[in-house]
Amino acid sequence: MIFDPDRLLVATVTATFAVAVLACMISWSQRWSAPSRTTLALFFAAFALSELDTLAVALTYEMPQVIRDGIELKSFIANFCIMPLFLFYVRELTDFRGHPDNVKALALHFALPGVVLIFSFVTMALPAATRDIWYSDTMAEASLPGLRLLHYGFTLLTVALVLQWAVYVIWVARTQARHIARLKQHFASTEGMELRWVAVLAFAMGSYILQTMAGETLILLGKRDPVGPLFDSFLVLIVVAAVALWGLRPSPELDHATKALDEAAEHHETKYKRSALGIDQSHRIAQKLLRAMQEDHLYRDPNLTLSALSAHVGVSLNYVSQTLNQNLGQSFFEFVNSWRVKEAIPLVEAGEKTILAIAYEVGFNSRSSFYSAFKRVTDMTPTAYKNAKSKPHPFGAERLISSDQK
């Protein structure tokens, strides 16, 4: 069987279009269950439209030029809407208030797609013969100033598309990183809430942008792009399938976390600027927090939250958070997990229980989270630490608690 790259390209583009349309329909049918589903449906719709031009050319050999031009311009516009919609989706997952709620904010995000829309209207208003000159090899010899201007405008917009994707990839990655930082201020265990897949997708999209820029640069230099459209189509298919796989699956842990963070944010709008918490009061709260860990072993609760800790010590959530961050120099996540690791160290040294049993006993709800926390405190994995237990202890119990906690 002879390998036909053109057929494989058509198959890949068709699969991408089909996955995007199906995911769009599923997301739209679930729009009443979660606010983010509507944005996700629009994201998949934009992706489907962006593939429509390639699909139409591949599957339809005889098509009026005016229809083909219209499809290509619609796909071009859709490309500019993909990343803003993905950013809105990630914001809605991490913060119920994350979607732009005013016309000005929306206008800033969709200003570039608006420019492309106007450009498309102007282009489609041109006579068919003029558009034929634009698409032909005689464009360089065209004497129409307006046509040349449109041609240069199209080139600039293509560059702007690559830059837009690059900016939004960084924006999405920063949003996900801020989400993890917020989680660690309120939850001791963050599994199922961190949206790690968003960072992976941002990396994949960033790789796609770099590959596209490299290919365009080679073409401008008169050289051949060694990657070509087939690799592009495969990468786009992987991105769409990954968003569909991870975006459509239910995530009750994330939904719960987002609601809790949204409620807590209402009390933290001014952070600690107007706080009346004094140094002596903060010191007394710190002692209560330490007793809750040392005497009541509150850290053993795998579902411990900042709200539960504040209720246990009888102090407002804001004051507990401020004391942890300013007095003890730790996030809630770091504070609780340092106590978990402190209890786990002698159990690991004893070697009488499995690593997983120890993790569950001290409050972790997964092996991976225990390994990460243990290595962060001791610079060694539990297994390596256990194997080195006969050597002099290189850490000292005092390392597990900051000097402010002593």
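**A friendly note on helices and aromatic pairs**

1. Keep in mind while looking that the model is predicted. The rings of Tyr299 and Trp339 make a stacked aromatic pair, with 6.3 Å from centre to centre and 25° between the planes. That angle counts as stacked because the planes are under 30 degrees apart.

2. What does this pair tie together? Tyr299 belongs to the loop between helix 11 (279–294) and helix 12 (306–313), while Trp339 is part of helix 14, so the pair links parts that are 40 residues apart in sequence.

3. A second pair is worth a visit. The ring centres of Phe370 and Phe374 are 5.6 Å apart and the planes stand at 70°, so this pair is edge-to-face. Both residues lie in helix 16, four residues apart, which is about one turn of the helix. Are Phe370 and Phe374 buried or exposed? Phe370 has 0% relative accessibility and therefore counts as buried; Phe374, also at 0%, counts as buried too.

4. Now for the wider aromatic picture. Searching the whole structure gives 13 aromatic pairs. One aromatic cluster is formed by Phe43, Phe44, Phe47, Phe86, Tyr89 and Trp197. There is also a charge to look at: the charged end of Arg340 sits over the ring of Phe364, at 5.4 Å from the ring centre.

5. Which of its residues are buried? They are Ile355, Ile358, Ala359 and Val362. These residues cover an arc of only 100° around the axis, so they are on the same side of helix 15. As for their partners, the buried residues of helix 15 pack against helix 14 (332–350), helix 16 (367–378) and helix 17 (382–387). Just after helix 15 comes Gly363, with a positive phi of about 120°.

6. Finally, here is the chain as a whole. It has 17 helices and zero strands. Of its 406 residues, 45% count as buried. Among contacts with a separation of 6 or more, 69% are between residues 24 or more positions apart. The accessible surface of the chain is about 21,700 Å², and carbon and sulfur atoms account for 63% of that surface.

Technical notes. Residues numbered from 1 in each chain as written. Predicted model: local features only at pLDDT ≥ 70, side-chain atom pairs only at ≥ 80, totals over all residues. Heavy atoms only, no water. Buried < 20%, exposed > 50% of the residue type's maximum accessible area, 1.4 Å probe, protein only. Helix = DSSP H or I, 4+ residues; strand = E, 2+ residues; numbered from the N terminus. Arc of directions from axis to C-beta. Contact = heavy atoms within 4.5 Å. Areas by Shrake-Rupley, 256 points an atom, 1.4 Å probe, with all protein chains shown as cover. Phe/Tyr/Trp six-rings, centres within 6.5 Å; stacked < 30°, edge-to-face > 60°. Lys NZ or Arg CZ within 6 Å of the ring centre and 35° of its normal.
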